[in-house]
Amino acid sequence: MGLHVPTMAEMMAKGESPEILFWVGCAGSFDDRAKKITKALVKILNKCNVDFAVLGTEESCTGDPAKRAGNEFTFQMQAMMNIQILDGYEVKKIVTACPHCFNTLKNEYPELGGNYEVIHHTQLIQELINQGKLALKDGDTFKGKKITFHDPCYLGRANDVYEAPRSLIEKLDAELVEMKRCKTKGLCCGAGGAQMFKEAEKGNKEINVERTEDALETKADIIATGCPFCNTMMTDGLKNFNKEGEIEVLDVAELIASAADL
Amino acid sequence: MISIALFALLFLVGWGFFGWNMLKIRSNILLGKEINRSDNRKERIRTTILIALGQKKMFTRPIPALLHLAIYSAFMITQIELIEIFVDGFTPEAHRIFRPPLGGFYTFMISFIEILTVFALIATIIFLSRRNLLKLPRLNMKEMKGWPKMDANMILFMEIILVTCIFMMNGADEVLYQQGLSHANDVLGQTGGSMNFTVSSFLGPLLFDGMEPATLHVIERIGWWGHIIMVFSFLNYLAYSKHLHIIFAFPNTYYSNLEKKGRLTNMESVTTEVKLMMDPTADPYATPPEGAAEPQRFGAKDATDLTWKNLLDSYSCTECGRCTSSCPANITGKLLSPRKIMMDTRDRIAEMGDNFRKHGKDYDDGKSLLGDYISEEEIWACTSCNACVQECPINIDPLSIIIDLRRYLVMEESKLPAELAGMATNIENNGAPWQFSPTDRLNWKDEV
């Protein structure tokens, strides 16, 4: 079955407006790995008949990496354009699978006039399960598996969301194992603050390698994340240890989608 | 009378010099830019009680937290005894002036102080060992070489002297008391027995038994005067030391950022310009309205471009290095150390303040925080992960300084890593940090 992904423009043409906007983000739209996360989330939204839409080609970068790189002009230009579009569609609520988009839309748009209720996809999925709209199959997809969760900085420390992704992993037939540095003490994957888009400064190690060591120590079979950039960094980290065949890096949405047999 | 005069002199000079230095630091901090941190009083008081008074964030590392708590609680409770010393110092022939009215409670109070003081002494010795023998990595990094290391050790040694004086004073007094020769006997007309202070009733006889009363009086006086002189020395040392945190931790926590850590400040000046750019009716050649403010520098090049809260942060930092030891860039060998950012900021604003006072407020020494203190390489290594902000036991925010320095480099000097310049161009042209066509944004929907 194909994915049902209405755009805001299509809905408006039909005189409808969705309950929630799915902000896909640049990674979720263009990065091959992150696109799989996007699709997993859409499958969940479709399964639960969530009344949502995307902006499609009208979506544009939130400006997060520009702002963190010190380029406030580019950030505010992006923010103002996005706010015009969001307000044009009278968007009230936004869900996103990218903690960077999540943080920017939630915390930095209000001062520029964009006021929306913004949630991270793990929070939405948690809500859907709690409301009984999404049931996980009793299959043995993750039976006996160990899963560790890598806290994205922009979800955890930046916005104090630690519980939602963990509660989802705990719903799986798997064991949640914590890394020695987790939650408020979680170590960054190395991508934040626009580092994703540049070479690291001279040092004695890459940050994602340091973080992957934390994950390997837990002997987890799966590294779960809630951020497309963390996903890339941890995947690259595993390659550094030639472990990419043994250990998977999966987004919490992907874990839930496969546990729900979607 | 001579002793009262001496005491009064010590008191006046001690407080006076301290006050003068505090005013100087205050005026340095006020060189910073305005930021509103006076909203939400209730939440601020709550934060101060939990974080500063209650030391909540210290306890994520239990061992140093307990050791620090020993010194902290001894310091706090000793203030009660210090009040008595002040009153005694100004009252002729007075000695332990609170003892007669307080009675058994006085014995309890001094005993309590003595026990905490012993704990504090143990903690001080362990702290010295952690720094100098165990050489804990976070206490022995590059930026700690030289004065910062000596500063830390001096504080700990001063604490040992302080504790020694307290027990000289109480111990000798106890032995005199047992002989009926302490001034404390006279007040209540007692001729012997013990003052029953938990530690000194045992330690006094152990150290001083069999000594001449005259010697004991001298020891007691050395203890008393030594203690109060150390108190004033310590007080005046604060202005030159990281130890200032014992005072500044409280205002610094009160004025902390109550927003979500992920939220960076909005630059109002940019908002005005972006609004103009997006307004089709705006006249780009219009002269600015009468009385419009001088355009300010974007971001921060020097310490005075930072906010007063950044500067207060820098003076409050006690260089514990929790920030640096949790910084992903530092852990992986990069130059960035959030602690160094704070130390550099403090050293620079102190230098600027001195310069302005000496040479007038337009003086330019040709140096700046960015470049002469903090290098570009340091600030570009930051992942903005907020670990340093999270770790700081008194809510110091090194990240906001790093971002402001980046803002200056990018918006005033266009000096940034080439990849980041490319990223910004991509965002502006394609609406994404990579070179993808915006028309392809929804292609994922139909891809298998």
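**Note on a predicted two-chain model**

1. Of the 448 residues that make up chain B, 40% count as buried, and this, like everything below, refers to a predicted model. The secondary structure of chain B consists of 20 helices and zero strands.

2. On overall dimensions, the radius of gyration of chain B is 28 Å, whereas a compact globule of 448 residues would have a value near 22 Å. Taken along the principal axes, the C-alpha atoms of chain B fill a box of roughly 95 × 60 × 40 Å. Among the contacts in chain B with a separation of 6 or more, 78% are accounted for by residues 24 or more positions apart.

3. Turning to the interface, 54 residues of chain B are in contact with 58 residues of chain A. On the chain B side, the elements that give two or more residues are α11 (268-278), α14 (328-331), α17 (376-380), α18 (387-391), α19 (398-413) and α20 (418-430) of chain B. By class, the residues on this side of chain B divide into 30 nonpolar, twelve polar and twelve charged.

4. Chain A is assigned two domains, with domain 1 covering 8-128 and domain 2 covering 135-259, and the centres of these domains of chain A, taken over C-alpha atoms, are separated by 22 Å. The contact between them takes 26 residues from domain 1 of chain A and 27 residues from domain 2 of chain A.

5. On the side of domain 1 of chain A that touches domain 2 of chain A, two or more residues come from each of α2 (25-30), α3 (32-47), α4 (64-68), α6 (99-108) and α7 (121-130) of chain A. The largest share of that side, eight residues, is given by α3(A), and the side as a whole has 13 nonpolar, eight polar and five charged residues.

6. Chain A also holds an open sheet of four strands, in the order β6-β5-β7-β8 (chain A) and with parallel pairing. Its edge strands, each of which pairs on one side only, are β6 (175-176) and β8 (248-251) of chain A. Strand β5 (residues 146-149) of chain A pairs with β6(A) in the parallel sense over two bridges, and I147(A) has L176(A) in β6(A) as its bridge partner.

7. As for the helices on this sheet, α8 (residues 163-171) of chain A lies across β5, β6 and β7 (222-225) of chain A and runs at about 175° to β5(A). Helix α10 (residues 228-240) of chain A packs on the sheet as well, where it touches β7 and β8 of chain A, and its direction makes about 175° with that of β8(A).

Notes:
Residues numbered from 1 in each chain as written. Chains lettered and ligands numbered in written order. Predicted model: local features only at pLDDT ≥ 70, side-chain atom pairs only at ≥ 80, totals over all residues. Pairing = 2+ DSSP bridges. Contact = placed C-beta atoms within 7 Å. Axes fitted to C-alpha atoms, helices over the stretch in contact; angles between N-to-C directions. Domains from an automatic or database assignment. Nonpolar A, V, L, I, M, F, W, Y, C, P; charged D, E, K, R; others polar. Rg over C-alpha atoms; globule rule 2.2 N^0.38 Å. Buried ≥ 20, exposed ≤ 12 C-beta atoms within 10 Å, placed from the backbone.
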